[in-house]
Amino acid sequence: MPYSETFKDHLAHPRNAGELANANAVAEQTNPVCGDRLRLSLRLRDGRIEAARFLAYGCPPTLACGSVIAEMIEGMKIEDAMKLSRKEIADALGGLPTRKHHAAALAIHTLRSAIEECSR
Amino acid sequence: MRKVYLDHSATTPSDPRVVEAMLPYLTERFGNASSVHSFGQEARAAVDRARRQVAAFAGARANEIVFTSGGTEANNLAIRGLGEAAQSHGRHIITSAIEHPSVRSSIHGLEQRGWEATQLPVYDDGVVRVEDVRAALRPDTILISVMMANNEIGTVQPIAEIGALVRAERKVGRRHLWLHTDAVQAAGRVPIDVESLGCDLLSLSAHKIYAPKGTGALFVRKGVRLTPQQVGGHQERERRGGTEAVANIVAFGAATELAQREMPERNEHTRRLRDRFEKQIAESVDEIVFNGSREQRLPHLSNISFRFIEGEGLLIHLDMQGVAVSSGSACSSGTLEPSPVIQALGRDDEMARGSIRFSFGKDNSEADVDYVSDVLTHAVESLRKLSPLSRDSLAVV
């Protein structure tokens, strides 16, 4: 399956790339098998994700998933963000090849780790 | 959008002169080369002519050329065919750590059936040492298979020296030791002469030298016996059953003739472009490593590892701007296979993942190089900004 135009647009113009200055929820997760890495820094306030930034190393789906998740979750209620699924991430990119779904899994995993880290 | 193809080690466009030569054999001269009637004889004559052309290209005799479906089949036939035919003399094979998958898999297949293989290291320059070949020889070694030039980093291997070693071994009474070399990447870029190389088997592929995909050849030195891997017909002197792909074979023959004649100018042209490119990138991008020996390598190829980023991301960034290159690593289903070739050079996983092959061709121009250098520099910058591994990643926003 070729990558969608939306996917390529995220690669060419990553959304919310970088690191937040006053983040209060940060997580960096690595896929132990392939070494892909995603870092999310979030600012959580009043039950919502006020701001989100990402950094990523790895194959294109990992970069695109980082970009799309950082864009999607800004302004989202924390409880809704915790319910986001791999499929929703993949769908937001116009689909992902089956063999690349691990990239969406890494994005979800990193998001949940960041939120859980903060609530601890 | 400008399109620049820098993946000539993957495949080349067919030369219009080659296409012109093959076209009649798709239409009015469509005969089966095994048929006895005039249609068949016309096809037979064309195949024979191509066989002489390919033989001349390799410094071989026409009856030592076996046409195949490509380089992969030639490698399979050489390794499995010789391994099976010579197994009563021994079941040990010497090979290198940077062979093409078709060689690695053929040897692996034999290993699963009881053969043993010694894989030689290549050191950080990507070159096999003849002393290591000598040290790996065992009384039951029947085959040495080392590529003439590597497909990812372009390093040229000392085949003539290994050939001399094999000949010296024969002189002292070792009769059952043969040398195979995969010359698919070397063809058209390094002169090939099976006599001076001293090899017994040599693989070629048409589509790397401006002919269509689907045809290759194996040089089989007179007297070397192989067990056929394709049975069911008498073609290719019983060594490879199946109707000859006449038009493709004609194209292959024409392409070898052109490659031989134009090799010096093609090499000079691609070397100049490649060197211009490497100079520009070395000036505009930091934290890079040129992979493999920069002296002992093919003139058209450059392999570079970019630290902090991953090859496939860079490849797609370049593709979005019309630039075609290739990356050695493959990532699928969450498992990563960093390029075994780059790993064999002793590079860490990050460098093996961040390697890109740029392979130039006769039709590239200096303007292509300048465009790619510019696009590549920006692509590396933007990917590094995203990378949590890089100190250039976007600072606190």
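In which sense do strand 2 and strand 8 of chain B pair, and over how many bridges? I looked this up before anything else. Strand 2 and strand 8 of chain B pair in the antiparallel sense over 4 bridges. I count strands as paired if DSSP finds at least two bridges between them. Helices (H or I, at least four residues) and strands (E, at least two) are DSSP runs, numbered from the N terminus.

**Ground rules.** I am working on a predicted model, where local features need pLDDT of at least 70, side-chain atom pairs count only at pLDDT 80 or more, and totals for chains, interfaces and linings use all residues. Residues are numbered from 1 along each chain as its sequence is written, and chains are lettered from A and ligands numbered from 1 in the order in which they are written.

**Sheet.** I traced an open sheet of 7 strands in chain B, with the order 2-8-7-6-5-3-4 and mixed pairing. Strand 2 and strand 4 (116–120) are its edges, each pairing on one side only. On average, neighbouring strands are turned by 20° against each other, direction ignored. Axes here are lines fitted to C-alpha atoms, for helices over the stretch in contact, and angles run from 0 to 180 degrees between N-to-C directions.

I then checked strand 2 of chain B residue by residue. Ile65(B) and Phe67(B) point one way, Val66(B) and Thr68(B) the other, and all are buried. Buried is 20 or more other C-beta atoms within 10 Å of a residue's own, exposed is 12 or fewer, and partly exposed is in between, with C-beta atoms placed from the backbone. Val66(B) stands opposite Leu218(B) in strand 8. Strand 8 also pairs with strand 7, antiparallel, over 5 bridges. There, Ser205(B) has Gly216(B) as its bridge partner.

**Helix 2.** Helix 2 of chain B packs on the sheet, touching strands 2, 7 and 8, and its direction makes about 115° with that of strand 2. I compared the length of helix 2 (residues 38–58) with expectation: its 21 residues should span 30 Å at 1.5 Å a residue, and the end C-alpha atoms are 30 Å apart, which agrees. The expected span is 1.5 Å times one less than the number of residues. Its buried residues include Ala43(B), Val47(B), Val54(B) and Phe57(B). Just after the helix, Gly59(B) takes a positive phi of about 70°.

Next I looked at helix 13 (residues 366–386) of chain B. Its axis comes within 10 Å of that of helix 9, crossing at roughly 25°. Helix 9 and helix 13 are therefore roughly parallel to each other (angles under 35 degrees; over 145 is roughly antiparallel, 65 to 115 roughly perpendicular, the rest oblique). The residues of helix 9 that meet helix 13 include Leu273(B), Phe277(B) and Ile281(B).

Helix 10 (residues 311–320) of chain B packs against helix 13 at about 130°, with axes 10 Å apart. That makes helix 10 oblique to helix 13.

**Asn267(B).** Leaving aside neighbours within four places in sequence, Asn267(B) is in contact (C-beta atoms, placed from the backbone, within 7 Å) with Arg189(B) and Pro299(B). The C-alpha atoms of Asn267(B) and Val190(B) are separated by 8.7 Å, though these residues are 77 apart along the chain.

Note on methods:
Contact = placed C-beta atoms within 7 Å.
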